[in-house]
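Please look over the sequence and the structure shown here before reading on. The report that follows begins with the place where the chains meet and then turns to each chain.

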Amino acid sequence: MNVNERFQSLRTGLLEFLVLKIIAAHKVYVADILGVLAKTDFKTQEGTLYPLLSRMRRDGLLDYEWRESETGPPRKYYSLTAKGEKQLAELTEYWKHINSTIDSIGASYE
Amino acid sequence: MNKITSIHLNGKAYQLEEQGYDALRAYLTHAEKQLSENPDKAEILSDLEQAIAEKCDARLRANKDVVTTQEVTQILQEMGPVEGPEKSEAPKTEQTTSNDAPQTPKRLYLIREGAMFAGVCNGLAAYFNLDVLLVRLIFVALTILTGGAWILVYAAMMFVVPYANTSEERAQAYGEAFNAQEIVNRAKESYSRLTDKGRWERWGERMSNLEDRHRERVEKKRDNRAERRAARQAERYHYRPVGTSAFLGFVSMVLAVLWIAALISLINTGAIFGWAVTAYIPIWLAIVLLFIVFHAVTGPMRAGRWMRVGNQWHPADYAYDGWHGVVDGLGILFLVISFWFAYTHFPEVQSFINAIPHQFQNLVDSLKKG
């Protein structure tokens, strides 16, 4: 089992956090989200992302609006709700906390 | 040349090759099953359709208006499997174990693709997992050996064995789905659960107006599938060919043909395929030996073919084990020998037998006169 496989479940768990971050930066369309993730280790497919987005919307973290597109039918553009923003802030805070914990463990043992 | 199927994805028409359509339908059916608990099911499915539609658009140009099977497979791979709300790691493994292996039973079909004539050799090659060339060589060799009689076997198979027309049948011919394999396999299972008419209709509506002709085809297929399932079920409670059984069946069929040919050749010319047996032994002994050899070889084969499923031998069932072959052979041998003995030792019997053609002639004559 290589490093990549070892962290598979960790990445899966972090996906929601990343999606929140992406949406927080811009109003995005699903293909944009996939495009951002595709360049990273968090490469994701529609089959996973759509159910995730729908659940996050049900949890009240995000919402979407329809926008016309030049090439085809209208598209859903996602944005964060207040609850989503709050969640993102909490997660970011916690992530920093975990990071510093990981960094400090062992190193600070003096 | 491939059949194409028209579909609508979120209101826009697309033309897909038939196998591509099957794979897409399987994918969406699987998605629907995965999302069955999800309150936003309809919305997610429509999003997925939209995404697929856009991927199709990207592959179409001014002079290319059909999405090929390969492209559909590619699109579905890009989409990735739809996962249920709770990560379905556990149910997935459960699914694979509970689906007892013969979900896609191998069946013998004629395969048109790459066929020389009717696809018999092609189908057999797929069935036995052999090279087509090898199967063809065997057929040619057998045709020469049997002085052309083997062609009848080919002709018989041509009429008896069905063509693999749908991609599902083709998958069965090879014993596996060769297209978006896993998706099709899994979807097939969920597809069969969609037996409730109401649900099916709603699904049809949601897929937005598949053409009527198409729906008919799908429903017919579903009926066929139900029939086949029932047949399989019935089979399971009786005898089921096991392991290499089909191969054994094929071999014993070949042997039977060879044997009959040998018998005829022996009686007519006193030689088996040019080998003048009667120079060494009397013809009756040759015939008897032919019987014994045939039964000694095919008996165990027949027994092997119809081994019971599982280890239980139900007392009410007729257990055809290896000994039956030998016993059958001995029985026939006994008959032949006693007949021969009677014929040679009892002049009455001999004259009776010899008189049969004469008597028969008399009978025919008297009928003619009457």
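## The contact between the chains

The contact takes 21 residues from chain B and 16 residues from chain A, where contact means heavy atoms within 4.5 Å. This is a predicted model, in which local features need pLDDT of at least 70 and side-chain atom pairs count only at pLDDT 80 or more, while totals for chains, interfaces and linings use all residues; side-chain values use heavy atoms, with hydrogens and water left out. Residues are numbered from 1 along each chain as its sequence is written, and chains are lettered from A and ligands numbered from 1 in the order in which they are written.

About 1,500 Å² is buried between chain B and chain A, and carbon and sulfur atoms give 44% of this area; buried area is the accessible area (1.4 Å probe) that two parts lose on being put together, summed over both. Between chain B and chain A there are 12 residue pairs in polar contact, both residues being at pLDDT 80 or more. A polar contact is a pair of N or O atoms within 3.5 Å; within protein, one must be able to donate a hydrogen and the other to accept it, and residues adjacent in sequence count only if both atoms are side-chain atoms.

On the side of chain B that touches chain A, helix 2 (41–58) and helix 3 (69–79) of chain B each supply at least two residues; helices (H or I, at least four residues) and strands (E, at least two) are DSSP runs, numbered from the N terminus. Helix 2 of chain B gives the most to this side, with eight residues. The residues of the side of chain B that touches chain A comprise nine nonpolar, four polar and eight charged ones, with Ala, Val, Leu, Ile, Met, Phe, Trp, Tyr, Cys and Pro counted as nonpolar, Asp, Glu, Lys and Arg as charged, and the others, Gly among them, as polar.

## Salt bridges across the contact

Side chains of opposite charge can pair when their charged atoms come close. A salt bridge is a side-chain nitrogen of Lys or Arg within 4 Å of a carboxyl oxygen of Asp or Glu. Over all chains the whole structure holds 16 salt bridges, and the count between chain B and chain A is six.

One of them pairs the side chains of B:Asp40 and A:Arg58 (3.0 Å, N to O). Because B:Asp40 lies in the loop between helix 1 (18–34) and helix 2 of chain B, and A:Arg58 in helix 4 (residues 46–58) of chain A, the pair joins two chains. B:Asp40 counts as buried at 11% relative accessibility, whereas A:Arg58, at 37%, counts as partly exposed; buried means under 20% relative accessible area, exposed over 50%, and partly exposed in between (1.4 Å probe, protein chains only).

A:Lys76 forms a salt bridge with B:Glu43 (2.7 Å, N to O), and this pair crosses between chains, from strand 3 (residues 75–80) of chain A to helix 2 of chain B. The side chain of A:Lys76 also meets that of B:Asp47 in a salt bridge (2.8 Å, N to O), and A:Lys76 counts as buried at 7% relative accessibility.

## A pair within chain B, and a network

Within chain B, the side chains of B:Lys64 and B:Glu71 meet in a salt bridge (2.9 Å, N to O). B:Lys64 is buried, with a relative accessible area of 18%, and B:Glu71 is buried as well, with 14%. Salt bridges that share partners join A:Arg57, A:Arg58, A:Lys76, B:Asp40, B:Glu43 and B:Asp47 into one network.

## Chain B as a whole

Chain B contains 15 helices and three strands, and 40% of its 370 residues count as buried. Chain B exposes about 21,300 Å², of which carbon and sulfur atoms supply 62%; accessible areas come from the Shrake-Rupley method with a 1.4 Å probe, and for residues only the protein chains shown count as cover. Among the contacts in chain B with a separation of 6 or more, 63% are between residues 24 or more positions apart.

B:Ile4 lies in strand 1 (residues 4–9) of chain B and counts as partly exposed at 38% relative accessibility. Leaving aside its neighbours within four places in sequence, B:Ile4 is in contact with B:Gln15, B:Leu16, B:Glu17, B:Glu18 and B:Val66.

## Chain A as a whole

Chain A has five helices and three strands, which follow the pattern α-α-β-α-α-β-β-α along the sequence. Of its 110 residues, 33% count as buried, and the accessible surface of chain A comes to about 7,100 Å², with 55% belonging to carbon and sulfur atoms.
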